[in-house]
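Here is a friendly briefing to read with the model open beside you.

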Amino acid sequence: MENTLAFAQKEDKNDKLRAYRDKFYFPQLNGKNVIYFTGNSLGLQPRTTQDYVLTELEDWASFGVEGHFHARNPWMPYHEILTEKTARLVGAKPEEVVVMNQLTVNLHLLLVSFYRPTKQRYKIMCEAKAFPSDLYALQSQIKFHGLDPKDALIGLTPRAGEHNLRTEDVLAEIEKHKNELALVMFGGVNYYSGQVIQMKTICEAAHKAGAVCGFDLAHAAGNLKLQLHDWNLDFACWCSYKYLNSGPGGVAGVFVHERHLKNTELPMFAGWWGHDKATRFKMGPDFVPMETAERWQVSNAPILSMSAYKASLDIFDEVGMDALNEKSKKMTAYLEFVINEVNKQVGTKEKYFEIITPAERGCQLSVVAHGRGKELFTELLQAGVISDWREPNVIRMAPVPLYNSFEDVYNFGQILLSLCTKS
Ligand SMILES: *Cc1c(COP(=O)(O)O)cnc(C)c1O
């Protein structure tokens with residue numbers, strides 16, 4: 001690798017996915033595309049999204065309630081046209097996934113079914129530094145069962161002086177708590193450090209201990225090649241506005257392993273959209289659950305939000321996670337290289353930028369800014385680089401394979417260098 005414009009442009013020229021960049025809108029600064037490294041926070045808008053949403057608005061205008069059956073994409077089964085592609089995206093069987101609601105809502109609905117504490121087995125293991133919304137969900141579910149989160153929630157922290165959890169330590173903790181664990185639930189990719197958790201290994205250990213295992217894939221869906229069915233997770237959920245570009249607050253996704261789908265004993269919070277669709281409109285008083293992940297649906301589907309998701313999902317299905325993964329590895333390695341080149345040139349004794357993301361990663365790099373932090377982040381923004389700041393001193397950057405370029409990465413390095421070396 002070389003820290004030169006020529007090298008970056010050569011990589012872009014050889015990039016099989018280069019045409020996809022033009023399928024997205026980039027925010028502009030002084031008439032130029034910004035360098036957008038926050039696809040892990042809110043993905044960019046595909047140029048096709050407006051058409052997809054407009055189609056549904058037009059059909060609503062044309063058909064009113066009849067659109068449920070007569071819209072170009074009938075609304076009644078609208079979520080079903082998302083199912084196969086979503087299943088391919090996360091490595092699941094179609095009956096194991098459903099697109100519905102939003103992430104934290106779905107997490108609650110799944111916890112109702114899969115966190116079933118008993119007198120002896122009632123603890124939940126997670127990362128101490130999980131995304132706050134997940135912690136709030138877990139704490140409140142624990143309280144909902146009349147238990148005390150201080151006792152029932154086991155939050156794992158990295159070893160002193162380290163930034164990431166070691167798999168061996170997670171496994172040892174599971175073993176240590178094996179008689180009291182009800183649930184093991186981690187983020188598939190830690191939102192702060194970008195570490196990819198070893199889902200298959202941890203799931204196996206959780207099951208061996210007699211616990212249920214689920215993952216929050218907010219930072220994994222559309223970022224990693226997932227094999228949710230084969231990894232044997234019990235459940236997973238993710239949002240789609242990050243790597244999956246469904247737009248702010250976009251509709252979210254759920255996975256439930258097929259072995260649970262016919263288990264009528266599972267407690268759940270039900271609604272009419274989870275009722276067997278053959279008899280749903282008989283409007284009977286008794287709930288007859290569907291035998292797919294659709295069973296967890298509560299309300300009828302948010303069509304406008306789903307149509308926006310569909311625009312991006314169609315792109316993902318066309319490209320495939322294998323191709324994205326291949327480019328992601330290369331481009332993230334290039335960003336790492338460029339940051340290290342900046343470090344060499346900045347030449348302070350204390351390394352300026354310490355990458356805390358381990359080798360097990362997707363496309364996000366989290367960097368501790370040992371010199372100037374927040375101020376530098378703001379200057380980056382003013383220079384047209386949108387990255388993400390996390391207290392106390394971490395800058396997160398995600399060069400997204402679908403629309404970022406090697407030239408973005410090179411230009412970022414030049415801007416960073418100029419900000420670090422200015423008098
Ligand atoms: C982004 C994110 C959320 C956000 O939750 P919403 O319900 O979509 O607002 C929750 N958990 C994790 C791990 C996230 O990364």
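Leaving aside its neighbours within four places in sequence, which residues is Phe 186 in contact with? With contact meaning heavy atoms within 4.5 Å, the partners of Phe 186 are Met 125, Cys 126, Glu 127, Leu 156, Leu 165, Val 170, Ile 197, Ile 202, Gly 214, Phe 215 and Asp 216. Please keep in mind that this is a predicted model, where local features need pLDDT of at least 70 and side-chain atom pairs count only at pLDDT 80 or more, while totals for chains, interfaces and linings use all residues. Residues are numbered from 1 along each chain as its sequence is written, and side-chain values use heavy atoms, with hydrogens and water left out.

**Domains and their interface**
- The chain is assigned domain 1 (5–33 + 320–421) and domain 2 (52–319), with bounds that come from an automatic or database domain assignment.
- The C-alpha centres of domain 1 and domain 2 are 30 Å apart, and 29 residues of domain 1 touch 23 residues of domain 2 by the contact criterion.
- Together the two domains bury about 2200 Å², 57% of it on carbon and sulfur atoms; buried area is the accessible area (1.4 Å probe) that two parts lose on being put together, summed over both.
- On the domain 1 side, Met 321, Ile 356 and Glu 360 lose the most area to domain 2, together 25% of what that side buries.
- One salt bridge is counted between domain 1 and domain 2, a salt bridge being a side-chain nitrogen of Lys or Arg within 4 Å of a carboxyl oxygen of Asp or Glu.

**The nonpolar core**
- The largest nonpolar core has 67 residues, and Val 184, Phe 186, Leu 228, Trp 238 and Leu 402 have the most contacts inside it. Such a core is a set of buried Ala, Val, Leu, Ile, Met, Phe, Trp, Tyr and Cys residues joined through side-chain atoms within 4.5 Å.
- Helix α11 gives the most to this core, with seven residues.
- Domain 1 and domain 2 both contribute residues to this core, so it lies between them.

**Helix α11**
- In α11, 13 of the 17 residues are buried, where buried means under 20% relative accessible area, exposed over 50% and partly exposed in between (1.4 Å probe, protein chains only).
- Gly 320 follows α11 and has a positive phi, near 85 degrees.

**Salt bridges**
- The structure holds 27 salt bridges.
- Asp 314 pairs with Lys 85, the closest N and O atoms being 2.7 Å apart. Asp 314 lies in α11 and Lys 85 in helix α4 (residues 83–90), so the pair ties together parts that are 229 residues apart in sequence.
- Asp 314 is buried at 16% relative accessible area, whereas Lys 85 is partly exposed at 23%.
- Asp 314 also forms a salt bridge with Lys 310 (2.9 Å, N to O); both lie in α11, four residues apart, about one turn of the helix.
- Another salt bridge joins the side chains of Asp 322 and Lys 225 (3.4 Å, N to O).

Conventions. Helix = DSSP H or I, 4+ residues; strand = E, 2+ residues; numbered from the N terminus.
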